[in-house]
Amino acid sequence: MDLAQRYEAAAPTWEGKIARLGYPTAYAHLIEAAPVSGRVLDIGCGSGALAAAALARHGPRIAALTLADPSAGMLADAARRFAAAPVPVRTVRAGIGAPAFAPGAADTILCAHVIEHLDDPAAALRWLAGRLAPGGRLVLAVSRPHWCTALLRWVWGHRAYRPDAVLAMLAAAGLTGARPVPFPAGPPSRTSCGYLAQRARPTARPVAPACA
Ligand SMILES: C[S@@+](CC[C@H](N)C(=O)[O-])C[C@H]1O[C@@H](n2cnc3c(N)ncnc32)[C@H](O)[C@@H]1O
């Protein structure tokens with residue numbers, strides 16, 4: 001079974017599984033520190049747990065929500081969850097690197113526990129940075145090394161990155177102000193870490209002095 005098939009198979013029980021492990025609480029903690037607004041894209045959304053935390057905390061500031069995942073099962077779950085959302089919601093069955101997502105089209109990107117599954121996480125972060133509008137924010141969660149992660153890794157085959165390695169990849173992707181937001185308790189505090197970063201706004205060119 002490849003990764004896509006394993007996530008497809010996991011979709012029916014995913015939401016309950018991550019809830020038992022405390023991820024919704026961890027995501028609420030991360031979102032509390034994140035100024036989510038505008039056009040929000042949750043990519044690799046799974047059942048939409050991070051987007052749900054964002055909508056609960058920052059709903060009035062969210063203009064539209066796009067839920068994206070290559071897994072049809074995950075996406076269907078996420079769509080059900082947001083069926084009565086107070087903002088326009090669209091679903092896209094595609095992942096990082098897909099042409100469906102235009103450069104600069106998102107004001108906030110949510111991406112939890114996805115890049116560590118990919119062959120080139122640094123390239124994934126560059127791609128995510130390119131989807132952000134100037135001034136846009138990336139809200140990220142990435143698995144970190146721990147013996148608990150090693151157990152999960154046996155099932156999912158993903159990698160784990162120390163916070164300094166993730167911060168270096170975020171800087172290399174051209175994002176600024178990157179900082180970790182450690183999860184406060186439970187399994188998420190051991191297996192994972194949250195991060196915030198921003199795409200810089202272009203600096204205004206100095207106005208040339210008028211000729212006398
Ligand atoms: C560990 S789950 C995380 C799901 C969700 N973000 C959460 O935190 O509950 C990884 C998700 O990434 C999706 N995925 C796999 N390959 C992907 C890709 N290339 N781009 C985006 N998402 C991908 C999987 O289908 C799965 O839903």
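**Notebook: loop, sheet and ligand**

**Entry 1: valine 114**

I started in the loop between S4 and H5, where I found valine 114. The labels S and H stand for DSSP runs numbered from the N terminus: helices are H or I with at least four residues, strands are E with at least two. A note on the source: this is a predicted model, in which local features need pLDDT of at least 70 and side-chain atom pairs count only at pLDDT 80 or more, while totals for chains, interfaces and linings use all residues. Residues are numbered from 1 along each chain as its sequence is written, and side-chain values use heavy atoms, with hydrogens and water left out.

Is valine 114 buried or exposed? Valine 114 is buried, at a relative accessible area of 15%. Here buried means under 20% relative accessible area, exposed means over 50%, and partly exposed is in between, with a 1.4 Å probe and protein chains only. Leaving out residues up to four places away in sequence, I listed Ile43, Gly44 and Ile96 as the residues that valine 114 touches; contact means heavy atoms within 4.5 Å.

**Entry 2: histidine 113**

I moved on to histidine 113, which is also placed in the loop between S4 and H5. Histidine 113 counts as buried, with 18% relative accessibility. Which side chains does the side chain of histidine 113 meet in polar contacts? I found tyrosine 27 at 2.9 Å and serine 192 at 2.5 Å. A polar contact is a pair of N or O atoms within 3.5 Å; within protein, one must be able to donate a hydrogen and the other to accept it, and residues adjacent in sequence count only if both atoms are side-chain atoms. Beyond four places in sequence, histidine 113 touches Tyr23, Tyr27, Ala141, Val142, Ser143 and Ser192.

**Entry 3: the ligand**

How many residues surround the ligand? I read 18, and the closest are Tyr7, Tyr27, Gly44, Asp69 and Ile96; a residue is near a molecule if one of its heavy atoms lies within 4 Å of it. I then went through some polar atoms. A nitrogen atom of the ligand sits 2.6 Å from a polar backbone atom of glycine 44. An N or O atom in the side chain of aspartate 69 is 2.6 Å from an oxygen atom of the ligand. For tryptophan 14, a polar side-chain atom is 3.0 Å from a ligand oxygen.

**Entry 4: the sheet**

I wrote down the strand order as S3-S2-S1-S4-S5-S7-S6, seven strands in an open sheet with mixed pairing. Strand S3 (89–92) and strand S6 (175–181) are the edges, each pairing on one side only. Neighbouring strands are turned by 15 degrees against each other on average, direction ignored. Two strands pair if DSSP finds at least two bridges between them.

Strand S1 (residues 38–43) runs parallel to strand S2 (residues 62–68), with six bridges, and arginine 39 has alanine 64 in S2 as its bridge partner. Six of the eight residues of S7 are buried, so S7 is largely enclosed by the rest of the structure.

**Entry 5: helices**

I checked helix H2 (residues 23–32), which lies across strand S4 (106–112), strand S5 (132–143), S6 and strand S7 (192–199), at about 150 degrees to S5. Helix H4 (residues 72–81) packs on the sheet, touching S2 and S3, and its direction makes about 155 degrees with that of S2. Axes are lines fitted to C-alpha atoms, for helices over the stretch in contact, and angles run from 0 to 180 degrees between N-to-C directions.

Which residues of helix H7 (residues 163–172) are buried? I found Val166, Met169 and Leu170. They cover an arc of only 100 degrees around the axis, which puts them on the same side of H7; the arc is that of the directions from the helix axis to the C-beta atoms. Their cover includes helix H5 (121–131), S5, S6 and S7. Just after H7, I noted glycine 174 with a positive phi of about 90 degrees.
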